[in-house]
Every structure is written in C-alpha cells, then in structure tokens.
Amino acid sequence: MEKLQKAFDARAKKRNKIEVIKESKEPMDIYAKLEEIANGGYEKLDKADSSYFLKCFGLFDKGEDFMLRVRIPAGVLSYTQAKKLAQVAQKYANDYIDISTRMQVVLRYIKIEDIATTLKELDSVGLSGFQTGVDNTRNIVTDPLDTLAFDSIIPTKPIIDKLEAKFIKNPEWISTLPRKFNTGILGSLSNSCNIFGHDCSFVLAQKDGIFGFNVYLGARVGIQAKDANIFVGIDEVESFYEALLNIFKRYGYRDNRNKNRLHFLIQDVGIDTLVDAIKKEAKCDFKSAGVTMVQSQNISLGSNKVLQKDSTFAYKVIIPSGVFNGSDLLALTDVAKQLSDGDIRFTYDQNIYLTSIPQDRLNSLEESSIIKKYAKYNNPYFKDMIACAGVNTCSFGVIKNKPDAIEMANYLNSTLPIEDASIRMNWSACPKGCGVHGIADIGFEGCKARDDDGNRVDGVHIFMGGKITRCAKEAHTLHKSIPLLEAKYHIKYLLKPYSKYKGRTESFEEFESRFFSNNYTYQAIGFYTKINYILNEKLDLGIEFELEDKPKSSKKEEYEIFDFGLRLYKLLTGNKRYEKVDGLTIIQLKPTSIKRDEVSRLNSKVPLKLSEIIYNMTHEKITQRAQVFSELLVALKEI
C-alpha cells in the first residue's frame, strides 16, 4: 500500500472543484428532496444540485428540461418494466428514448416539475437512475444473450444482481469514488459488449478446468484494459470487486478530473502494485490468470435471428443510432408478450433483442407492423453501428452525429450493398469518445473542418482497424478533419476492396487484418481514398484507382508511392510512364523525357496540380521522388 499512498500524496496537494462540491452535501439528502426540488422549479434550483448531485440519480439539467439515464443491469427488462418505461417516455419525455452503449436508456425533455414523479414511476417496477452519472459505478454490461445463447458458459446476470444490490443504492458508495467507474462481465465465448473497454473487465476464462474470469483493468477512451494476471472464480467476483473499489476510493486521484480514472493510478504505480493491494484488501490470494476464452465475433454475426439453448430464438431489432421512442417500445413489448415471455434486452451496439421466440412464431413476429417498420435497417451498415448523442442534446458534441451516422449508412447501403458482411462503424461527436470510435472497424470523431472554399464546416477524423474480437486494439488514424459531405465517399472507396475481395461471410475486422494491414500502410490507404474522391467526386473523371489484392510494394511507403504513381499515370493517360521498372529502379526509360505537365497534356481533364503530383511520385531520380504520402495529401488539397 505504501506505493499507492505515495502516489496519492503526490497528487493530493490540490482538489478539483467537484470534490469540494461533493463534501458540501449528502447525495441521499438531495434524493429525499426531489419533490421539493420539482415543485420549486428552476428559480429555486441549487447550482450544486443541478451541476452534480442530481446526476448521481441520473438527472442531467439541460437548461430548459432534464435528461434521465435509466439504469438497466445487464440490459435486461421484464415485460412489466419495459411497458412502464415506454409509458414514462410517452408521458414525460416527449416519447423519446436513446439506447446507450451501456445497455441502458436515456430519456430526454423531462420538465423539472416531473422529475420526482418520473423516478417514482420507474421505481415502482424496480428501475432507477442511481449511479448512472458522475463519480459512480455505472451500469454493468454483459452479453445481451447471457444465459440464453449456446456460447454462454457462465450466467452473469445473477452476479450483476448481487453487485447491484450491494453497491448501487448504498449511501456508502453513492458519489464516493474519485471518478466514474465502468464495469463489464462477460461469461460468453463471443465478445458482444466491448469487454476490454472498461475500468474493470471480468472476461470468461478457464483455469485448471474451472470456468471463471480473467481480470483486465484500467481502460479509458483510446486505451484498452490491461491484463491484471488475476483469475477469479464465480464466487470471488464480489470480494475482488469490493476490494478494487475500496482501493480506488482510497487512493484514486482527486485533483485533475481529466486524469483521475483508474487508468492513471495504474499508470503511476503499475498493475502489479494495484493487484497486490487488492489481494491484501480482499484478504485473498487470487490465482494467476487462466486461459482467456473470448475467441469469436458476436454469435449473431450475419443474422438477426439466433437459436437459443432451449430451441427458441432471439430476434434482433436494429434501431438506427439507438434513436427510439416509447410508442415503439410499447409495440415491441406487446408483440414480445404475445409471442413469448415479453422480456427484451438492450445491446451494447444500441439495438434490442426479443428473446425466447418459438420457431413456429417467427413468421408472425416478422409480419408484425413494428418489426416491418425497422426491417429496412437490417443491413451491414446499420446492424453494428454505434453513435453517441451529438450536438443537439450534448454540450460536448461538435457535430450532430446520430443523423450524420444514419445519413452515411443510408448512402452506403444504396450505393454499395454488400451481402453477408459485418462492418462496425462507430461515431463519437467529440474527443470524449462516447461512441467508442477507437475500437471500430471504421470510426468517426466529430470535429470542425474546412471545405474546398475554406469555409468552416462539420467534419470528422476517420479511423480504421480497431479490434474487439479475441483481443482489443485501438484503430489507426486514416484522415484528419475531413468535411462530412466528403467523408461518405472516403468510406465508400474504403469498403470497395472489402466488397470485391472479401471471403464468404468474412467480417471487415478479419478482412482488415488479412487485406489492408497485411498489404498496405495506412498512409497508402488514406491516399487511395483521397485520390478516388478527387478523380470521381471532384473532377468527375469516372476513373477509379483500385487497390491490388497482392501488391508487390511490401508495405514500404516509398515503393507504394512509386507504384501508385505509375498506375495513376497509366490510368489517366493510357500510356506507361517507363518501358520497364524493377522495384524502385527504372530499367528502361522512354526515348523522350517527361515534363511536369505531361499527364495534363495527354488528358486535358487532369488539372496541372495532379499532373505535378504524379510526376513527383514517379520522378526518374529516386532522390527527387516524393518520400511520404502525407506531403502528397497536402498537395491534393490544392486541387
């Protein structure tokens, strides 16, 4: 503990203003006064309550109304709970519901006079907003088909229920942590909840023939959790978790809120020091890690119907960007009740499962009007799409985000439909990364960009190559500050090789490793999408530059530049740049030398700047050629 205390003391000279606010009141005292606060209106709303304490119970002041996060452990709602939630949304929240990546929901537009009544109605069916905001343990996520799917080994809902009962409404744990704390518990073979992306991740494992969990700790935006080399049995989860929370509560930093997550404590003291402290706190010498069992994509990959262990089916309803409403939730629950037990499950990717549907009732389900309404979104571009709130409802948002994600998915589905595909496109409206863009196949982070006329417009940073299947890997930056109106074309060209070369049912995650990462630098891929945007959308030449299945450039940037230049020259002029080349070396020159304007001279539709770029990519002297794609991308902006 000495090293932890030393690290804490080094950061304890200052406290952030939130810590000062937290010491001024007891959160449960504010909860007890909800009716008084509701009746008092905005005029009497205390600043500390609106900025902090009400958030402990899921209530976020938006100036004219409130947003409410509703905690749904493991994403599971009974028929009674789902029906009540739908009615509350209709009555108090303008019939609006957002499904979040923590497998819970967000209600918006709640008037201050209704906040106490709204929570009271939800509480009548066992739902609340407790600890869904600020410095608390957030909703615990798991496999949405936990206990039901064939690959579900350890039922995690009973474990989550025990943790909820112990911590969530316990005053000793409300608002006592230094920062928010995200938790995931996965008892299945397939990773269906971004299991490596939490402060604390319990991941299905096997040790000496016994199933339990390996522990990973300290994830945050842009950083995946570290292997703690700990194996906990099913009965040990609670003691480990309590010890971890106690250590974090005691030694977690309380100065700079941007650097107060568990990740930063681990960064300073090391994962081994933290684990030793947890063992001492729990008075248990937990075993070293076993074999992590997560080994496949989501079990529902490529289908919206999944056979369950009891021979019934789970049916996935695709909700675009998680934008939903109470009326449709009510319709779904009624259909689910007619055909099964009425339970529904929210997913990490902002969709909904109806469970335990008998096979002979699937046709009736698919013929129902509510299922038909959402059937059009059952395609690769919507199935695994995630998008956070955006500027319209989030003060941190830079772009609209959810509408942007929907617009791009519709565009891609209409211009490049792909059969048997799986593409995870995640959208975050700002650098905070609530849309978990960093682990997406293709990720978007909202920003401002400049269009061709120099105007400041909504844009995105584009990422690709994130992994979540067998291990977690952050995506690579492909483009910075691309205008949204341009971004969709980049993604179209990025997906064209996938459409052309992918194996049968091969996911983009698998394809990215096999084709893109194995064959090309990310700089080359960025140039490829940009040059196609210029050739087709900007210059309207109707000529597409394609990536080869087996390039000879061996992922060496100077080779890629030379090869791309030679191919562009031939594509735009119909002629070879040189008679013969070997790698970077020119074996046989043409009889006459070529000038910078050669491509433009042979093809009048090609601007001089592009001709110069191709000339620089293919210069006769190696030392005179462009060396990196980044300088070419800068030059392309001038076209």
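How do helix 19 and helix 23 lie relative to each other, roughly parallel or roughly perpendicular? In this predicted model, their axes come within 10 Å and cross at roughly 20 degrees. Angles under 35 degrees count as roughly parallel, and helix 19 and helix 23 are therefore roughly parallel to each other. The crossing is left-handed. On the helix 19 side, the contact is made by Gln523, Ala524, Gly526, Phe527, Lys530, Ile531 and Ile534, and helix 23 brings in Phe629, Leu632, Leu633 and Leu636. Sort those residues by class and you get eight nonpolar, two polar and one charged.

Asp452 is exposed at 54% relative accessible area, while Lys538 counts as partly exposed at 28%.

Now for a couple of other salt bridges, out of a count of 38. Asp441 and Arg424 pair up at 3.1 Å between their closest N and O atoms. Both residues are in loops, on either side of strand 17, so the pair links parts 17 residues apart in sequence. Both Asp441 and Arg424 are buried. Lys157 and Asp161 meet at 2.8 Å, N to O, and both lie in helix 8, about one turn of the helix apart.

Finally, look at Thr101, in the loop between strand 4 and strand 5. Thr101 counts as buried at 18% relative accessibility, and its contacts include Val141, Tyr348 and Cys434.

Note on methods: Residues are numbered from 1 along each chain as its sequence is written. This is a predicted model: local features need pLDDT of at least 70, side-chain atom pairs count only at pLDDT 80 or more; totals for chains, interfaces and linings use all residues. Side-chain values use heavy atoms; hydrogens and water are left out. Axes are lines fitted to C-alpha atoms, for helices over the stretch in contact, and angles run from 0 to 180 degrees between N-to-C directions. Helices (H or I, at least four residues) and strands (E, at least two) are DSSP runs, numbered from the N terminus. Angles under 35 degrees count as roughly parallel, over 145 as roughly antiparallel, 65 to 115 as roughly perpendicular and the rest as oblique. A crossing is left-handed if the near helix is turned anticlockwise from the far one by less than a right angle, and right-handed if clockwise. Contact means heavy atoms within 4.5 Å. Ala, Val, Leu, Ile, Met, Phe, Trp, Tyr, Cys and Pro count as nonpolar, Asp, Glu, Lys and Arg as charged, and the others, Gly among them, as polar. Buried means under 20% relative accessible area, exposed over 50%, partly exposed in between (1.4 Å probe, protein chains only). A salt bridge is a side-chain nitrogen of Lys or Arg within 4 Å of a carboxyl oxygen of Asp or Glu. Lists of a residue's contacts leave out its neighbours within four places in sequence.
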